Amino acid sequence: MLRSLSRAAPGSASLRLHSNRLQIQSTQLPAATCLLQGRQEQRRHAGIHAISNPTLAGIEKRWEAMPPQEQADLWMALRDRMKTDWHEMTFQEKKAAYWIAFGPYGPRALPPPGEGKQVFWYTVLGLGVAGVIFAIIRQFARPAPKTMNAQYQAMTNEYLKSQKTEAITGVSSEGYQGKGMIQSKPRRGPPPDEDEE
C-alpha cells in the first residue's frame, strides 16, 4: 500500500521540498526587499486604479437615492482602495469614504426643522386629551366612600383605642401623638350616624 501511495503522488514530495527551499531563500533576503515585494503584492491584489471623480462627485446628495447594490459596489471599491497606502488615494476618495462611514444619513440623519415644536405641541395635545377624559370620568364617577372623611376616621381611632389595637406603637399606646387613621379633610355636613359604621 505504501508503494501505491508513492506512485500515486510522486510529485507531491518534490513540491513540498521545492516550497521549503523557497521559504528558506525568502528568509535570507534583506528586509527592504521583502517590504518592497509585500507592497507590490498588496497593490496587485487590491487594484491600484483610482475611482473616477464623476463617480464620487456629489456622493453626499446621491447616496440615499442610489440602489443598494450600487452602494455596496462603491463601498467595496473604496474599501479596497483604503487597503493600499492612503497617500495614493485621491482627495475625492478620502472624502467619499469618510462621508459613507460617518455621514449624516440613515439613523444618523439630522432631524427635520421644526421637529422639536411638533413634539412639544403633540405632547400638550396628548396631556389635554388625557385631562378631558379624566374630567369626564370624574364627573360620572360615584361619590367618595363614606369612610373618606375626618369624622369617620376619628371614630375609627376611638374604636381602635377601645380595642387596645397596636398597644406598643399604635393609636392605643401611651402618649401617642400621631394622627392615627385620620388622613382626609373634615366632612361637610352632619357627622356620620351610628348605623353608617
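I take helices (H or I, at least four residues) and strands (E, at least two) as DSSP runs, numbered from the N terminus. The model is predicted, and I used local features only at pLDDT of at least 70 and side-chain atom pairs only at pLDDT 80 or more, while totals for chains, interfaces and linings use all residues. Residues are numbered from 1 along each chain as its sequence is written, and side-chain values use heavy atoms, with hydrogens and water left out.

**Entry: Ser184.** I located Ser184 in the segment after H9. Is Ser184 buried or exposed? Ser184 counts as buried, at 17% relative accessibility; buried means under 20% relative accessible area, exposed over 50%, and partly exposed in between (1.4 Å probe, protein chains only). I then listed its contacts (heavy atoms within 4.5 Å). Leaving aside neighbours within four places in sequence, Ser184 touches Met148, Asn149, Ala150 and Gln153.

**Entry: positive phi.** I looked up Lys164, which is in the segment after helix H9 (150–163). Its phi is near 55°, a positive value in a residue other than glycine. Lys164 is exposed, with a relative accessible area of 62%. Glu166 is found in the segment after H9 and has a positive phi of about 55°, although it is not a glycine. Glu166 counts as exposed at 52% relative accessibility.

**Entry: Tyr122.** I placed Tyr122 in helix H8 (residues 115–139). Tyr122 is exposed, with a relative accessible area of 55%.
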